[in-house]
Amino acid sequence: MTEKRKLFPVKPFDMDIVYYYKCPYCQRKVPLIAPIQPSMGQCDACHKQFPVAPADKRTLAFIKTVLDDGKAGIDPDFI
Ligand SMILES: [Zn+2]
């Protein structure tokens, strides 16, 4: 006998923000989860590395707070 329970859509409990950087070698739009330290990004197309300007930690914290770590930013039909 199989248990048939309805699975409800899982809601987010945390979030991050993706920043896009333009690869200086091939111009590809490279997505990185907002880096908070000066670091090197790597292009997923040409595989070259380049330094990226970091995201502002306070701005990220503000956005995460406003969206309640993602919980306040889901489709209202799924609340
Ligand atoms: Zn590239």
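This is a predicted model: local features need pLDDT of at least 70, side-chain atom pairs count only at pLDDT 80 or more; totals for chains, interfaces and linings use all residues.
Colleague: Okay, in what order do the elements of the protein run from the N terminus on?

Modeller: They go β-β-β-β-α. That's one helix and four strands in the protein.

Colleague: How do I read the overall shape, say the radius of gyration against that of a compact globule?

Modeller: Set the value beside the globule rule for that chain length. A compact globule of 79 residues would come out near 12 Å, but this protein has 18 Å. The C-alpha trace spans about 55 × 35 × 20 Å along its principal axes.

Colleague: And what share of the 79 residues counts as buried?

Modeller: To be buried, a residue needs 20 or more other C-beta atoms within 10 Å of its own. In this protein 0% of the residues count as buried.

Colleague: What about contacts between residues at least 6 apart in sequence: how many of those join residues at least 24 apart?

Modeller: 28% of them do.

Colleague: Now the strands. Which way do E3 and E4 run, and how many bridges join them?

Modeller: Strand E3 (residues 39-42) and strand E4 (residues 49-52) run antiparallel, with four bridges between them. For a landmark, find Gly41, which stands opposite Phe50 in E4. As a general idea, side chains in a regular strand alternate between the two faces of the sheet.

Colleague: Which residue in the hairpin of E3 and E4 takes a positive phi?

Modeller: His47, with phi near 65 degrees; that hairpin has six residues between the strands.

Colleague: Is Gln27 buried or exposed, and why?

Modeller: Exposed, because Gln27 has 11 C-beta neighbours inside 10 Å, and the exposed class takes 12 or fewer. Asp68 is exposed too, because 12 other C-beta atoms lie within 10 Å.

Colleague: Last stop, the segment after helix H1 (57-66), where Pro76 lies. Why does Pro76 count as exposed?

Modeller: Because Pro76 has 5 C-beta neighbours inside 10 Å.

Colleague: And how far apart are Pro76 and Cys46, in sequence and in space?

Modeller: 30 residues in sequence and 40 Å in space, taken C-alpha to C-alpha.

Key
Residues are numbered from 1 along each chain as its sequence is written. Two strands pair if DSSP finds at least two bridges between them. Helices (H or I, at least four residues) and strands (E, at least two) are DSSP runs, numbered from the N terminus. The radius of gyration is taken over C-alpha atoms; the globule rule is 2.2 Å times the number of residues to the power 0.38. Two residues are in contact if their C-beta atoms, placed from the backbone, lie within 7 Å.
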